[in-house]
There are 4 protein chains.
Amino acid sequence: MATAAVLGASGYLGGELLRVLSDHPSIEVVQAVSQSRAGQRLGDVAPNLERFQDLRLSPDASTVDADIAFLAQPAGEAMTVVPSLLDRGIKVVDLGPDYRLHDPAEYARVYGRPHADTDHLSEAVYGLPEVFGARIRAARLVANPGCYPTATLLALVPLLEAHAIVGPVVVDAKSGTSGSGAQPTATSHHPEAALTILPYGAPLHRHVPEMQGVLRELGAAPGPLTFVPHLVPLVRGILCSIYATAAGPADAGAWEALYRARYADHPFVRVGRVPRLPWAQGTNRCYLAVERVGDAPVVFSVLDNLGKGGATQAVQNANLLFGWPETLGLSRAGYGV
Amino acid sequence: MATAAVLGASGYLGGELLRVLSDHPSIEVVQAVSQSRAGQRLGDVAPNLERFQDLRLSPDASTVDADIAFLAQPAGEAMTVVPSLLDRGIKVVDLGPDYRLHDPAEYARVYGRPHADTDHLSEAVYGLPEVFGARIRAARLVANPGCYPTATLLALVPLLEAHAIVGPVVVDAKSGTSGSGAQPTATSHHPEAALTILPYGAPLHRHVPEMQGVLRELGAAPGPLTFVPHLVPLVRGILCSIYATAAGPADAGAWEALYRARYADHPFVRVGRVPRLPWAQGTNRCYLAVERVGDAPVVFSVLDNLGKGGATQAVQNANLLFGWPETLGLSRAGYGV
Amino acid sequence: MATAAVLGASGYLGGELLRVLSDHPSIEVVQAVSQSRAGQRLGDVAPNLERFQDLRLSPDASTVDADIAFLAQPAGEAMTVVPSLLDRGIKVVDLGPDYRLHDPAEYARVYGRPHADTDHLSEAVYGLPEVFGARIRAARLVANPGCYPTATLLALVPLLEAHAIVGPVVVDAKSGTSGSGAQPTATSHHPEAALTILPYGAPLHRHVPEMQGVLRELGAAPGPLTFVPHLVPLVRGILCSIYATAAGPADAGAWEALYRARYADHPFVRVGRVPRLPWAQGTNRCYLAVERVGDAPVVFSVLDNLGKGGATQAVQNANLLFGWPETLGLSRAGYGV
Amino acid sequence: MATAAVLGASGYLGGELLRVLSDHPSIEVVQAVSQSRAGQRLGDVAPNLERFQDLRLSPDASTVDADIAFLAQPAGEAMTVVPSLLDRGIKVVDLGPDYRLHDPAEYARVYGRPHADTDHLSEAVYGLPEVFGARIRAARLVANPGCYPTATLLALVPLLEAHAIVGPVVVDAKSGTSGSGAQPTATSHHPEAALTILPYGAPLHRHVPEMQGVLRELGAAPGPLTFVPHLVPLVRGILCSIYATAAGPADAGAWEALYRARYADHPFVRVGRVPRLPWAQGTNRCYLAVERVGDAPVVFSVLDNLGKGGATQAVQNANLLFGWPETLGLSRAGYGV
């Protein structure tokens, strides 16, 4: 049994963390931190979280006392609290972007400001368990990838590791609106968002350097990666459609075999037909389907941006940090509809 | 040919006014006013308004020079500009709530502040043409009703005028999110609004005194009126389900006959089966259906909150103010899907 | 540990039953029956049901061998299999309408055909545990109520038992489209359903006699009950808005106290502010809020039509039939978004 | 003034044709044909079509007597009626796929059956006015392109004609559900379609040979064209995201200039920022935006699948066939929300 604190508890990722942890057999939530809702009962903020109705939100991270801290805060905040948490012997899973790049110079270029905790930047392990599981088990600081990189990397790794594709890769990502957080904005205003599709992020989405870095580390860097996210009128869930050029003859069966082999021992990745998004909602599963279109392989990757693309993957990482089975507390079935 | 100015041009009602007027054979828009977007080209603010791409938004109402002004501003602003507009001989259709109640004391009670233009408050005519058409023709200041009262009153008037119902009336209104305007809020944030239904407005919605006042004026006041609006995950359109108690024997045919007779000469009210909301979108039509449920009459009333519940009704009122046919520029068919 | 069979396993209710049971600590699903998908692996029909991927769908009910059978079949089918199931000592929870009325004559009048199993019709217990819990514990055949009656009855019982309301009651129900099942129809065609609200069921919905029967049994029959369901563009979830007339002075606090007292020992009914539908999705919770609108009490009742209005309530009933705690396997938190 | 008949009048494209024609100053609809709803009044089938309430649907095409016939029928039906219509001197705009390919052998390969009217197959002009306007003016039989090819070709032509891109092209298309027609199917069932994104059409969508044929004809054939359509939870509208490789240096300004020059004289193509889908709904406009993502040009193309991708483009073609201005009856502004 381990104790946990959740920072950023009143956001969507924080709420999803609490929901998943309320059901975890070996993690006990002892603290929830939220600046904007400090002092309120969780029962008033998130009545869906039955088990935590009487937990009161704390205002700041300095009092955190737990075996592990989950950080679900806006970009830039994690790096101000991580040093102190680690010093106090608290394991950290950061769901934000602060520790996803290793190189301070690259961080500064991508995020437009210097990193405040370069000491730990290189120490942090990228929390994609299907790729870096062994390193995560040995770590104390995990940089949980976001939803787009998780969906994209899990879809690309098998083809790239097997050198089955060459040249440029196009990632056309479609995401529900919960991915942009709980704060109302003009693009997430219901009358604006409900009847349209909004591509965004040009000319260079911040996730591209992150994904390219991971692939380089694997010795599996593709050609130029064109990544365009689109907001679609859904709340939860992501579908990435990934387009590449086959290195050899077009063979959908052989491509699918690569996926099945690569993920045979990874229970959260499912290979098969194109899934419905509700199957993944609230779960830690990523569904992959590879099809032949013309002579090209096209991979479809589906997950829940708040689940495998966020909170449940953070819990999977916590399981690894504690040396537990990675599926602990994460086995429930997804919805059919 | 008349010239028109639109105040509040960057909001949803203002945009819809411009869209409808861009197609009106006898009204020429010469000015569009918006404080928040002043100085910008309409082509940058609302690219859908093809005809007005080069119209530049003016900052304030003091320079308005036109035959008619449409006011689509937040509550409280109209009463600060109406006196000056009327003094300069400009007809006014106000789409906001400032002039919908006649009595300054009732206004103060309902809106929680004194009225700034009590002189014109009693002069204003309530702009429901199917009820007050004759008065509107003779007016210079029209208080355009909002979407809920338009849908409710058109549905209730035939039964009440014929004394066909007695006792309390329940109005369960369902509205799309465009009704709450272009400003992002917590309740209109897409992840919050898209998957739920939100009743609001208790204990007393501001529209109730307005509707009761109109019905009293008709000598057709019902028993207690319980009105509960609900936000549903739609953008445009309203369905009001209206529940009453029959004064006599239950007879759906006789009830429908009352509606057909009442609206025989009113081309914008359609009586028949329950409509789909897209039929009404962008049009000035209100669709009414009356059914017998058990022994009670239940009336369904559908319109577009930005159309007959807003901008197109304002144009219908303008047509009457100018002595034109009320259908001028308002005859296009609605969408099937 | 008990064994269970699910009949109608390829429908929405059947799928939801399997999802919930896949997580139940004391029920083991040993059989799933589906005529339309007989012979197929559940892994091909419902990939979200991870634990049952290799379960093969059986074609008919005659081979069912289990401690309990959940029947999620079209109306009219349960009564052809229930006698044989009971004869073989199998407990039955029927999620369809076959056993919800006690009187064969009333059944024939409401459903337009004679009942095929009148012997068991009067034996069946109406499966609303918050009302008939004691009887359910002693039963072998439970008629699980549908979504509308569950939402309505839980909302009405406290006011009626306390004689706090008088006269007619209006129930304006709004439901997602999954309530009408997995079979495509003209009204559930996405282009037809996505942008509108569809009232249906006039002149008399089949649920009205069912609800009135239950309330009479409680000695708490209201005046005329006007019930109008509406299809709204949601998939899962119901909101019933219930309008009544207060028997005494309007007092929202006193009304809410009635609800809190009535459901103090019923963990699945939550009394408080108006909930978001996602809180209830996939759970067995019914959220109730009572407000004062004018002088009238208006009750809002929210649940998941496939959850407390269907599959999870069936599992709650099964828990009672086996003498287990009613919350067994049903405690997970709902989604925040 | 010309007379027109609409065949397939009860489908979505047929309904949209009638809506647009009800507003056309020089076309009078004299006949509407529908096998499935023959004999019914249009007022009962499509109450939104105010002007045609009393038009009765005819059962078959043999009695058509008009200057022009619009064919909005299922694939395979047009080729059985076109010879007779042309013989009788009736101009034809076919909104279906029967005449979109020129080569009978290719038709048979793509559609899996021989063509029944090869005489006229080579005569038909592909109805994309921005490309083949001159030929359309001289034609009597126009094969109106579908929504995907219209959106894709208008987006690709400027870059390809200018040789600004090289190598493979990826078209990731997102479409609302009205594109698949009025007939309910499993994939368009609201509970299935509303919460997910469905890629379909692998391994080869029928539109690919059609698009490649047009581009070859222009001497502007790209490299391999990977086209994947996705159903998204919208009703009307398409967004195509088109990914290519620049032939020279990346220069978003230069790319946009190509678009502005190419479409300077084409009023229905708008070049600028990424549009909202409602701007295009019900209109004949195609909105194009070109952006630089990394070093690659990415083009976003938006139109209404029932408008510029269907019915309004058919009317634009009719205007050309009659020698009228192409904008006649097609100038109304789109919706802002």
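**Helices, symmetry and contacts**

Me: At roughly what angle do the axes of α6 and α12 of chain B cross?
Reply: Keep in mind that this is a predicted model. Look at residues 129-137 of chain B for α6 and residues 311-321 of chain B for α12. Their axes come within 9 Å, and the crossing angle is roughly 35 degrees.

Me: Is the crossing of α6(B) and α12(B) left-handed or right-handed?
Reply: On the α6(B) side, the contact is made by B:Pro129, B:Gly133, B:Ile136 and B:Arg137. On the α12(B) side you'll find B:Gln316, B:Asn317, B:Leu320 and B:Leu321. As for the crossing of these two helices, it is right-handed.

Me: How many residues of the contact of α6(B) with α12(B) are nonpolar?
Reply: Sort the contact residues by type: one is charged and three are polar. The nonpolar ones number four.

Me: What kind of axis relates chain A and chain C?
Reply: Chain A can be laid on chain C by a turn of 180 degrees, with a shift of 0.0 Å along the axis and an RMSD of 0.0 Å. That relation therefore belongs to a two-fold axis.

Me: How many residues on the side of chain C that touches chain B are nonpolar?
Reply: In this contact, 35 residues of chain C meet 35 residues of chain B. Among the elements giving two or more residues to chain C's side are β7 (165-175), α11 (277-280) and β13 (296-303). By type, that side has five polar and six charged residues, while the nonpolar count is 24.

Conventions
Residues are numbered from 1 along each chain as its sequence is written. Chains are lettered from A and ligands numbered from 1 in the order in which they are written. This is a predicted model: local features need pLDDT of at least 70, side-chain atom pairs count only at pLDDT 80 or more; totals for chains, interfaces and linings use all residues. Copies are superposed by least squares on the C-alpha atoms of residues with pLDDT of at least 70 in both. Axes are lines fitted to C-alpha atoms, for helices over the stretch in contact, and angles run from 0 to 180 degrees between N-to-C directions. Helices (H or I, at least four residues) and strands (E, at least two) are DSSP runs, numbered from the N terminus. A crossing is left-handed if the near helix is turned anticlockwise from the far one by less than a right angle, and right-handed if clockwise. Two residues are in contact if their C-beta atoms, placed from the backbone, lie within 7 Å. Ala, Val, Leu, Ile, Met, Phe, Trp, Tyr, Cys and Pro count as nonpolar, Asp, Glu, Lys and Arg as charged, and the others, Gly among them, as polar.
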